Amino acid sequence: MILYRREIRSPWIQLEPKEKSHLRSLRLKEGDTLWVSDGNSHAYKGILRNDGLVEVDLQTPFEESKEQNVAIFSALPSGNRLDKMLDMATQLGMSQFFPVIYQRSERKDWNKERMERIVMQAGSQSQRWSLPKLHPIIPFSELERYTSSFHYVFYLDVNPHANLTLTDLLNYVQNISLEEMALIVGPEGGFSEKEKQYLEKHFLGFRLAPNVLRIETAVLSALSVFFVLRELIKK
């Protein structure tokens, strides 16, 4: 099990009620080992003590070497679909999440603190030492400012004549780390004509499926594609 603390300064950590409940469900007992992470690739070995305390070895930090998946710039799905999307996207290794407001976006707000808790729970379940970074909501007009730090930026396109095929994506993945790539996903109403023109001019489009996908389906399918392509080049 992994516990998350933004700052780890003391060798003693008090467990929260939900963490205690999770430990009981995992049948962990006093003297068992677990990990405490800062959510940013660094983790420390901890020993479970009584009274809900964890003793942390601050002298021997460990650093995760696993490669993360691409960053996501996406419209926000409605209701608890966002919760499920971020949960599963965290499990699939998403490195960053940028919520974007498009002209046809239906949902235009979110509870960032709540989403961070969901991401922590998913990270703990999937044994991730590093958590995806959640960014504030940005308007489509500021997309260039936030995508400029990535080597390649792709967008999902329903056009059957989209620029790239999966074979093309494999070539990109062979040359650049996934963490240097970003993926843009639009709202279920589709991109506006102005947004399409901008995307076609500045980024690389590819098609996942012949039919229109829900936001969360598109995000998770694309993350799975990049994950599989990365594994293929390792063989």
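1. Ser74 is a fitting place to start: at 0% relative accessibility, Ser74 counts as buried. Ser74 belongs to strand β7, which spans residues 71–74. Beyond four places in sequence, Ser74 contacts Met85, Phe97, Phe98, Pro99, Val100, Tyr102, Val185, Ile215 and Val219. This is a predicted model, so every point below should be read as describing a prediction.

2. Next, helix α2. Its buried residues are Arg81, Leu82, Asp83, Met85, Leu86, Ala89 and Thr90. What do the buried residues of α2 pack against? The partners are β7, β8 (96–101), α3 and α7. Met85, one of these buried residues, is also among the contacts of Ser74. After α2 comes Gly93, with a positive phi near 95 degrees.

3. Now α2 against α3. General point: a pair of packed helices is described by the angle between the axes and the distance between them. Helix α2 covers residues 81–91 and helix α3 covers residues 112–125. Their axes come within 8 Å and cross at roughly 40 degrees. The two helices are therefore oblique to each other. Their crossing is right-handed. On the α2 side, the contact uses Leu82, Asp83, Leu86, Asp87, Thr90 and Gln91. On the α3 side, Arg114, Met115, Ile118, Val119, Ala122, Gly123 and Gln125 take part. By class, the residues of this contact are six nonpolar, four polar and three charged.

4. The pairing of α2 with α7 has another geometry. How are α2 and α7 oriented, roughly parallel or roughly antiparallel? The packing angle is about 5 degrees, with the axes 10 Å apart. Angles under 35 degrees count as roughly parallel, and α2 and α7 are therefore roughly parallel to each other. Arg81, Met85, Met88 and Ala89 of α2 meet Ile215, Glu216, Val219, Leu220 and Leu223 of α7. These residues divide into seven nonpolar, no polar and two charged. Ile215 and Val219 are also in contact with Ser74.

5. Leaving out residues up to four places away in sequence, Leu220 touches Met85, Met88, Ala89 and Leu92. Gln91 itself belongs to the α2 side of the contact with α3.

6. Helix α7 also packs on α5. Helix α5 runs over residues 166–175, and its axis lies 9 Å from that of α7, at an angle of about 60 degrees. That makes α5 oblique to α7. The crossing of α5 and α7 is right-handed. Leu166, Leu169, Leu170, Val173 and Gln174 form the α5 side of the contact. Val225, Phe226, Leu229, Arg230 and Ile233 form the α7 side. The contact divides into eight nonpolar residues, one polar and one charged.

7. Arg230 lies in helix α7, residues 215–234. Its side chain reaches the backbone oxygen of Gln68 at 3.4 Å. Not counting residues up to four places away in sequence, Arg230 touches Glu67, Gln68, Asn69, Val173 and Leu178. Val173 is also listed on the α5 side of the contact with α7.

8. Pro132 is in the loop between α3 and β9. With a relative accessible area of 6%, Pro132 is buried. Its C-alpha atom is separated by 4.5 Å from that of Ser95, 37 residues away along the chain.

9. Last, a backbone flag. Most residues other than glycine have a negative phi. Gln127 has a positive phi of about 60 degrees, although Gln127 is not a glycine. Where is Gln127 found? Gln127 lies in the loop between α3 and β9 (133–134). At 36% relative accessibility, Gln127 counts as partly exposed.

Terms used: Residues numbered from 1 in each chain as written. Predicted model: local features only at pLDDT ≥ 70, side-chain atom pairs only at ≥ 80, totals over all residues. Heavy atoms only, no water. Axes fitted to C-alpha atoms, helices over the stretch in contact; angles between N-to-C directions. Helix = DSSP H or I, 4+ residues; strand = E, 2+ residues; numbered from the N terminus. Parallel < 35°, antiparallel > 145°, perpendicular 65-115°, else oblique. Left-handed = near helix turned anticlockwise from the far one by under 90°. Contact = heavy atoms within 4.5 Å. Nonpolar A, V, L, I, M, F, W, Y, C, P; charged D, E, K, R; others polar. Buried < 20%, exposed > 50% of the residue type's maximum accessible area, 1.4 Å probe, protein only. Polar contact = N/O pair within 3.5 Å; in protein donor to acceptor, adjacent residues only side chain to side chain.
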